[in-house]
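Trainee: I have just opened this one and would like a friendly tour. Could we go through it step by step?

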Amino acid sequence: MQKKGTNVGTKIVLIFDLGGGTFDVSLLTIKEGRVEVKATAGDTHLGGEDFDNRLVDYFVQEIKRKHKQDIRGNAKALKRLRTACERVKRDLSSTVQTNLGIDCLFEGIDFYSTITRARFEELNRDLFLKCLKPVKMCLSDAKMDKSSVHDVVLVGGSTRIPKVQKMLQDFFNGKELCKSINQDEAVAYGAAVQAAILDNRVDEIVLLDVTPLSLGVGVVGGIMNVLIPRNTKIPTKKEKIFHTHRDNQSNVHIRVYEGERTRTQDNYLLGEFVSSKIPPAPRGVPEIKECFELDANGILRVSAEVLLTGQKTKITITNDKGRLSKEEIEKMIKEAKKYKAEDEEHKKKAKAKLALENYAYKIRNALKNEKINSKLRKAHEEKIQDAIAKAIYWLKRNQLAEADEFEDKMMELKSVCKPLMAKVQ
């Protein structure tokens with residue numbers, strides 16, 4: 001890592017961490033000791049143990065074929081075979097062929113075999129290919145091209161596998177991979193640096209993490225309105241103005257969600273609270289400022305302030321209990337990509353419905369204004385009121401209409417209201 005004061009520009013580094021049980025990819029920018037995480041991805045069910053399992057399955061079948069014995073029912077024999085397979089995997093990182101030998105493995109059977117690196121790579125071909133998916137996702141989330149990456153750093157024991165290195169090097173168009181970091185020491189070193197930072201003992205390195213999932217609130221129509229998008233660097237603070245959706249609404253129920261889907265029901269509810277004492281007013285007039293503040297420790301503070309009165313309520317959501325696990329986060333990201341088209345359609349429909357509803361009530365409230373009302377002919381006012389009443393009636397009976405139906409109704413209402421309102425404004 002670079003220290004403050006070194007003027008070497010910004011470096012983009014991809015950390016490829018393939019360990020024994022999990023796989024993580026992080027994209028970082030480093031400038032003058034400031035380390036910023038741009039995006040993260042990974043697979044919590046991919047690692048060295050999966051490669052070992054393929055070898056175990058391979059040799060179990062060979063034993064069955066050669067000795068007519070199935071050792072899967074014998075835990076002791078399986079454990080000895082797995083230990084031998086782990087050694088075989090390590091050996092094949094430095095040699096193209098290796099031997100496996102276990103005396104008295106099962107019911108007096110001495111098992112000996114030979115396996116090549118090519119056979120090992122063939123057994124794990126689909127798993128190796130899965131290693132590239134998080135790399136591509138990381139680059140996509142950070143909106144970066146692979147050509148912009150300066151260094152690719154390998155961390156984790158399974159990155160010693162030649163096929164993994166070759167595949168990664170080919171993906172980055174022949175770029176030399178950084179293998180100088182001791183894979184066995186990297187995690188311990190990283191933990192020590194993080195501990196020193198938390199204890200205020202390191203002042204020349206700054207680490208900036210990112211949010212694993214988007215954070216937002218539920219709004220009318222069961223939609224999640226995002227305040228902090230996924231992969232936003234933390235600490236961060238975001239604010240947004242919201243309005244009431246009913247006449248004389250005295251309180252707003254605020255629900256805080258985490259997730260990547262459009263509908264709140266598909267996301268995770270982190271907490272909820274009520275913003276009250278809102279002065280009586282037509283819908284859309286009172287303004288409520290909602291603020292999301294996420295600190296470096298993952299603690300989220302959400303507040304809501306009624307701007308007219310200054311009345312403020314808040315909630316604090318910690319990062320230790322009730323938050324999503326790494327596996328659940330990965331699942332939500334995958335589901336968001338799978339249902340992206342469906343979510344976009346739902347969002348479009350909800351937006352069109354809300355736009356029609358807001359326009360109808362906005363015009364209706366405008367007619368209550370004496371200055372506007374006095375300039376409007378009685379016949380014109382009645383025509384507008386009639387059009388609004390029909391639109392609201394249609395809305396109540398067609399809550400599940402399609403987006404284009406709401407848009408058509410909006411055009412129909414505007415065709416009546418806009419010309420007549422333009423005359424008096």
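Mentor: Gladly! Helices here are DSSP runs of at least four residues and strands are runs of at least two, numbered from the N terminus. Keep in mind that this is a predicted model.

Trainee: What percentage of the residues in the chain is buried?
Mentor: A residue counts as buried when its relative accessible area is under 20%. The chain has 425 residues, and the buried share of them is 43%.

Trainee: How does the reach of helix 1 compare with the span expected at 1.5 Å a residue?
Mentor: Helix 1 covers residues 48-67, which is 20 residues. From its first C-alpha to its last it reaches 28 Å, close to the expected 28 Å.

Trainee: Which elements cover the buried residues of helix 1?
Mentor: The buried residues of helix 1 include Phe 51, Leu 55, Phe 59 and Ile 63. Their cover comes from both helices and strands. Among these elements are helix 2 (75-91), helix 3 (117-123), helix 4 (125-130), strand 1 (11-18), strand 4 (97-106) and strand 5 (109-116).

Trainee: Which residues touch the most other members of the largest nonpolar core?
Mentor: That core holds 55 residues. Its largest share, 6 residues, is supplied by helix 1. A second, separate core of 25 residues includes Ala 360 and Leu 413. Back in the largest core, the residues that touch the most other members are Leu 14, Phe 16, Leu 81, Leu 100, Val 135 and Leu 168.

Trainee: Is Lys 349 buried, partly exposed or exposed?
Mentor: Lys 349 sits in helix 9, residues 340-366. Buried means under 20% relative accessible area and exposed means over 50%. Lys 349 has 22% relative accessibility, so it counts as partly exposed.

Trainee: How far apart in space are Lys 349 and Asp 404?
Mentor: Beyond its neighbours within four places in sequence, Lys 349 is in contact with Leu 400, Ala 401, Glu 402, Ala 403 and Phe 406. Asp 404 lies 55 residues from Lys 349 in sequence. In space, their C-alpha to C-alpha distance is 7.9 Å.

Trainee: What percentage of residues 326-353 is helix?
Mentor: An unreviewed UniProt entry annotates residues 326-353 as a "coiled-coil region". In the model, the end C-alpha atoms of this stretch are 36 Å apart.

Note on methods:
Residues are numbered from 1 along each chain as its sequence is written. This is a predicted model: local features need pLDDT of at least 70, side-chain atom pairs count only at pLDDT 80 or more; totals for chains, interfaces and linings use all residues. Side-chain values use heavy atoms; hydrogens and water are left out. UniProt positions are given in the numbering used here, feature names are shortened, and annotations may be inferred rather than shown by experiment. Buried means under 20% relative accessible area, exposed over 50%, partly exposed in between (1.4 Å probe, protein chains only). The expected span of a helix is 1.5 Å times one less than its number of residues. Contact means heavy atoms within 4.5 Å. A nonpolar core is a set of buried Ala, Val, Leu, Ile, Met, Phe, Trp, Tyr and Cys residues joined through side-chain atoms within 4.5 Å.
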